[in-house]
Amino acid sequence: MEAIVQGGSVSRASLSKQTGLSKQTISEIMRQLEDEGWVQETGRTSGHVGRTAVTYELVPSAAYIAAVDLGGTKVRVAICDLSSHVLAEVTEPTHAAGGQAVVEQIVQLCWQAADKGGVPRDKLRIAVVGAPGAPQPETGRVLLAPNIAGFDQMDVAGALESALGFEAMLENDVNLAVLGESWLGVGQGVDDLAFIALGTGVGSGLMLNGQLVRGATNAAGELGFLPFGADPFEAESLRAGAFERVVASHGIMGRYRDAVGHDATVPAIFEKANAGDADAIKVLDDTARYLARGIGAIAAMANPQKVILGGSIGARPELVERVRHVLPICFPYPVEVEASVLGNHAALVGAAAIGLSHLHNTLFGTETPEARISLPPANAASMREVLK
C-alpha cells in the first residue's frame, strides 16, 4: 500500500521490485486488496517490449476522513477521501457554550459535510480535530485552551467517538498547520521547520528531522508562555502567557491605545500604518521586534531551517517584512522567514495528513517506513483544490 500511495498507477511487477516480495506473493496480496475494495485496475502498461501488464491504483472512495479545524470563533469541517480529494467543506461560528455543545456541533457538521459531499456516513473512518491548546491522549481533555470552555474538564475525544461511532483524534491546531505547510505549503522539502500562528493568540508547531515534536504533555510549541514580554510572574501570565500578552491582538491594540488614547482594531492599525500614521507604525515595529525575539528563542533551541508565519496577523506582509528586517539584529545566524500560503486552511490540510497516515497504518496494520507520515506526493495531492 505504501508503494501504491506513493507511486500511483503501478503494475504487480513494479510492486515486486519495489517491495522485494515475490511476484506470486504480490499477486495474492493484490487479489485480496482488490476483493476488499482498496485497489482497482486502472489499465495496462504500454510502450514496453513484451506483454502488457495490468496496473493498479488506490480506490479513493474506500474510506473517508473528517478533518476538523476548531477555533475559539469558528469550526470548519472538510471531508476528504484516500487520495486527499476534498468532497465538501462547512463552517460555523463555534458554539459559545463550549464543552459538550461544541462536541455535538462538530458531530453535526461532520454529518452535514458528508451529506453535502454525497459521502455515505458509514464510510467515514476517522475524524482528526485540530484544537487550540494541549490535547491529552490519556484523558481526552484539552488543556491551555481558555477560549473553549469546559474542554479541560471532559474527555473530548471519547465524547466525539461515542457520538460519531468511529475513531476521533485530537491534535494541537498549530501542529497540524506545520504538517499542512510541510506537505502542500512553503515547507515542502524542509525537514526542520517551525510554524508560528499569530492572531488572537500565539502558538507554534515544530518539525525536526521530518518528525512532529509534541513534547511530554503535548504542549511543545506553546509559544505564548515564553517568559518575556509581559511580567511572567503576574497571575494573568499563567492564564494567557507573558509573550502572548504583548505580541497577540490584545497586546497590539493595548499599545496603540496607550499611544493615542483611544481604541482601534488590529486591521485598522495596519491600515493606519500603511497610510503613514506614526503611532501605528511604531506599534507594528514593536510587534515585529517581539515576534523576532520569539523566533530567536525557537531557533536557539531547535535550529529550524525555515520559520513560517501564519494566522490573521502573522501572515500579513507588513509584519513578515518587518520581522525579516529585525531578526538578523537580534539573532546571529540566518533563519528563513516566509508567510503561510495555506492561510486558514493550513490546519485542515494537516488534519487530512494525520488522518490519511493514521488510517493507512490502522487499516493495513503496519507503520510506514521510518515512522514518517505516508502521503500522496504534493504534486498529485487533490487537497490543493481546497485552496481555490
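1. Basis. This is a predicted model: local features need pLDDT of at least 70, side-chain atom pairs count only at pLDDT 80 or more, and totals for chains, interfaces and linings use all residues. Residues are numbered from 1 along each chain as its sequence is written, and side-chain values use heavy atoms, with hydrogens and water left out.

2. Strand β3. Strands are DSSP runs (E, at least two residues) and helices are DSSP runs (H or I, at least four), numbered from the N terminus. Strand β3 spans residues 54-58. Four of its five residues are buried, so β3 is largely enclosed by the rest of the structure. Buried means under 20% relative accessible area (1.4 Å probe, protein chains only).

3. Pairing of β1 and β3. Strand β1 (residues 10-11) pairs with β3 in the antiparallel sense, over two bridges. Pairing requires at least two DSSP bridges between the strands. Ser-11 has Thr-55 of β3 as its bridge partner.

4. The five-stranded sheet. The sheet is open, with order β6-β5-β4-β7-β10 and mixed pairing. Its edge strands are β6 (86-93) and β10 (167-172), each pairing on one side only. Twist averages 15° from one strand to the next.

5. Strands β7 and β10. Strand β7 (residues 124-131) runs parallel to β10, joined by six bridges. Val-129 stands opposite Leu-170 in β10.

6. Helices on the strands. Helix α4 (residues 99-116) lies across β4 (64-70), β5 (74-81), β6 and β7, at about 145° to β6. Helix α6 (residues 173-184) lies across β4, β7 and β10, at about 90° to β10. Angles run from 0 to 180 degrees between N-to-C directions, with axes fitted to C-alpha atoms, for helices over the stretch in contact. Contact means heavy atoms within 4.5 Å.

Note on methods:
Buried means under 20% relative accessible area, exposed over 50%, partly exposed in between (1.4 Å probe, protein chains only).
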